[in-house]
Amino acid sequence: MTISVWILGDQLTINHPALEAALHHGKQSDVRVLMIESESRVRRKNYAAKKLILLFSAMRHYAEALRQDGYDIDYHIADDMTAALKAHVEAYHPSLLIVMAASRYEGLAFQESLENILQIPIKIIPNTLFLSCRYDPFPDIDKGKSIRQEQFYRRMRQYFNLLMDQNGKPTSGQWNFDKKNRSSFDGEVEIPSLVSFEPDQITVDVIDEVLEKFPWTQRPEKFDLAVTHQEAQKAADDFFEHRLKYFGTYEDAMTQADDVLFHSKLSPYLNLGLLDPLTLVKRVQAMYRDGAVSLNNTEGFIRQVIGWREYMHWQYWRLMPELADANYFDSHRPLPEFFWTGETEMNCLKHALGRSLEDGYLHHIERLMLISNFCLLAGVAPQAVLDWFQSLFIDAYDWVMLSNVLGMSMYADGGMIGTKPYISSANYINKMSDYCQDCPYDHKLRTGEDACPFNFLYWNFLLQQEELLRENPRMARMLYNLKYLDEEERDAVKESAKRFLRL
Ligand SMILES: Cc1cc2nc3c(=O)[nH]c(=O)nc-3n(C[C@H](O)[C@H](O)[C@H](O)COP(=O)(O)OP(=O)(O)OC[C@H]3O[C@@H](n4cnc5c(N)ncnc54)[C@H](O)[C@@H]3O)c2cc1C
Ligand code: SF4
């Protein structure tokens with residue numbers, strides 16, 4: 001008798017629940033673990049080398065660890081997912097195939113069609129990698145009703161008993177420390193360097209294969225990401241020891257000097273299943289209780305993980321499939337060519353694009369207030385922005401990309417996820433970063449050749465989208481300022497935007 005367990009590439013968790021389920025049906029020697037690297041899936045986009053290396057190397061290390069635990073592994077490097085599944089069934093004739101539900105909408109639909117395709121019984125077990133699959137804070141909510149992140153987050157804190165007092169109130173009586181967590185960075189604290197990992201033979205082989213098979217990829221300057229549970233845990237330890245103490249304080253800050261600052265850079269590992277979100281936040285809570293880290297930094301991190309991360313996952317499943325095609329502002333401009341080269345005079349974007357192209361990572365505010373702020377103001381099609389992020393970013397998966405890019409950042413969902421469009425002129429970027437001081441554009445000028453493009457694009461966007469924006473009461477203050485623009489100034493704004501966008 002064979003019981004097959006198909007483990008997906010973003011489900012590399014310790015004690016995989018599908019393996020546990022299989023052991024209820026038979027002995028370990030009856031279990032065959034199937035893993036598939038599907039090349040046709042990879043060819044659908046121009047994925048960056050680093051992203052592919054991370055995924056394939058982590059999968060191969062995971063397979064190796066299971067092998068050492070005594071599991072029989074059927075590992076396919078295949079052109080096509082369905083063909084690999086069929087080949088597995090033909091080779092082993094399993095009486096049952098168990099799989100954990102995919103994190104992707106189309107992935108789950110495919111799993112649900114497998115019984116027909118493979119003509120064997122399929123068992124899909126719930127995806128336990130997300131806390132919102134273990135507890136749904138709003139199970140019966142109407143699809144059209146908006147649930148804000150703060151409402152969601154508070155219920156998650158209560159249910160998982162994180163930073164809660166015994167009387168059911170939040171620790172210290174406060175849910176939110178955002179006011180303490182908005183400092184810009186002026187170099188007063190040293191930024192610790194990140195722990196890095198030397199590629200082993202498995203990773204070296206993956207690097208060579210990726211470069212050979214996918215001709216658009218380029219050899220990354222270095223590959224030093226974690227690819228095993230032990231390494232991912234070391235990356236987490238490094239964050240807890242060196243950066244957590246300023247995590248919240250500088251969470252919104254941006255600097256030319258560093259791309260990570262005091263962020264964790266743990267999203268790639270969380271999203272692959274190499275780290276467990278609940279274990280991380282419990283550890284941070286314990287550090288707070290031991291007096292090792294202050295409340296604003298502790299709460300800031302817990303909010304990101306059980307608030308934002310889980311909220312985005314919950315919203316993805318709630319809003320799909322409509323979310324994929326959403327385009328509230330009806331924006332259709334293609335992505336500027338310089339997004340693929342990093343060659344622009346705009347200093348903030350030059351840094352952010354360069355980091356994205358080389359490392360596939362930016363921290364949250366650079367993703368939101370530089371890259372997508374620019375794209376939203378410039379009227380770029382939301383799906384083109386999504387495509388760019390998906391191709392380059394090492395932590396990009398559909399559940400997190402669609403909700404963050406189409407929902408939160410591009411406001412393509414009309415405000416189901418974000419409370420208002422995240423747009424700003426150069427003023428915000430100048431306040432939160434040191435980019436403007438070294439930029440050929442003038443962050444104070446609104447129009448003209450030397451004016452910062454964020455400025456005229458911002459005002460142009462308000463003018464172009466005024467009618468739709470007026471539907472959102474939270475935009476009232478921004479729109480109020482339009483009254484200070486006379487006709488001449490409005491024409492100048494439109495002219496500058498037109499010239500820049502080459503309309
Ligand atoms: C345009 C845009 C695209 C994004 N694309 C992705 C993506 O492809 N993959 C991804 O994991 N995150 C994405 N995010 C969310 C967030 O920016 C990243 O999770 C975060 O920057 C990862 O870096 P970090 O691990 O250093 O995060 P930290 O700042 O250290 O935060 C800790 C953890 O909180 C979680 N988190 C925080 N905010 C979010 C959020 N909005 N959504 C989901 N998780 C969150 C992440 O798991 C992160 O590792 C995107 C945000 C925006 C605005
Ligand atoms: S002036 Fe404008 S383009 Fe230049 S760094 Fe500042 S915000 Fe960016």
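Predicted model: local features only at pLDDT ≥ 70, side-chain atom pairs only at ≥ 80, totals over all residues.
Residues are numbered from 1 along each chain as its sequence is written, chains are lettered from A and ligands numbered from 1 in the order in which they are written, and side-chain values use heavy atoms, with hydrogens and water left out.

The search finds 3 cavities of 30 Å³ or more. A cavity is a set of points, on a 1 Å grid over the protein atoms alone, where a 1.4 Å probe fits but cannot get out; a pocket is an open set with protein on both sides within 12 Å along at least five of seven lines; lining residues have an atom within 4 Å of a point. Grid points are joined across faces, edges and corners, and a volume is the space filled by probe spheres set on the points. The largest cavity has a volume of about 100 Å³. Its lining comprises 13 residues, and C348, C436, C439, Y441 and C452 are the closest to its centre. By class, the lining holds 10 nonpolar, 2 polar and 1 charged residues. Here Ala, Val, Leu, Ile, Met, Phe, Trp, Tyr, Cys and Pro count as nonpolar, Asp, Glu, Lys and Arg as charged, and the others, Gly among them, as polar.

Ligand 2 takes up the space of the largest cavity. A molecule sits in a cavity or pocket if more than half of its atoms lie within 2 Å of its grid points. The residues around ligand 2 are M346, N347, C348, A426, I429, Y435, C436, C439, Y441, H443, C452 and F454. Near means that a heavy atom of the residue lies within 4 Å of the molecule or strand. Helices (H or I, at least four residues) and strands (E, at least two) are DSSP runs, numbered from the N terminus. The shell has 10 nonpolar and 2 polar residues, and no charged ones. In the cavity lining, α14 and α18 likewise supply at least two residues each.

The second largest cavity has a volume of about 60 Å³. E37, E39, F56, R60, I77, V206, E209, V210, K213 and F214 line it. The largest share, 4 residues, comes from α9. The lining divides into 5 nonpolar and 5 charged residues, with no polar ones.

Attention then turned to an open site. The second largest pocket has a volume of about 1,000 Å³. Of its 41 lining residues, R41, R44, Y47, R104 and D398 lie nearest the centre. Elements that each supply at least two lining residues include β2 (31-38), α5 (105-112) and α17 (398-409). Helix α3 gives the largest share, 5 residues. The pocket lining has 21 nonpolar, 9 polar and 11 charged residues.

Strand β4 (residues 96-100) is largely enclosed by the rest of the structure, because 5 of its 5 residues are buried. Buried means under 20% relative accessible area, exposed over 50%, and partly exposed in between (1.4 Å probe, protein chains only). L96, I98 and M100 point one way from β4, and L97 and V99 point the other way. Strand β1 (residues 3-6) runs parallel to β4, joined by 4 bridges. Two strands pair if DSSP finds at least two bridges between them. I3 has L96 of β4 as its bridge partner, and W6 stands opposite V99. On β1, I3 and V5 point one way and S4 and W6 the other, and all are buried. Strand β1 is also joined to β2 in parallel by 4 bridges. There, S4 stands opposite R32. Strand β4 pairs with β5 (residues 122-125) in the parallel sense over 4 bridges. M100 has I125 as its bridge partner in β5.

A cis peptide bond joins M320 and P321, with omega about 5°. P321 is in the loop between α13 (295-319) and α14. Q119 is a residue other than glycine with a positive phi, near 60°. Q119 lies in the loop between α6 (114-118) and β5, and it is exposed, with a relative accessible area of 63%. Y411 also has a positive phi, near 55°. Y411 sits in the loop between α17 and α18, and it counts as buried at 6% relative accessibility.
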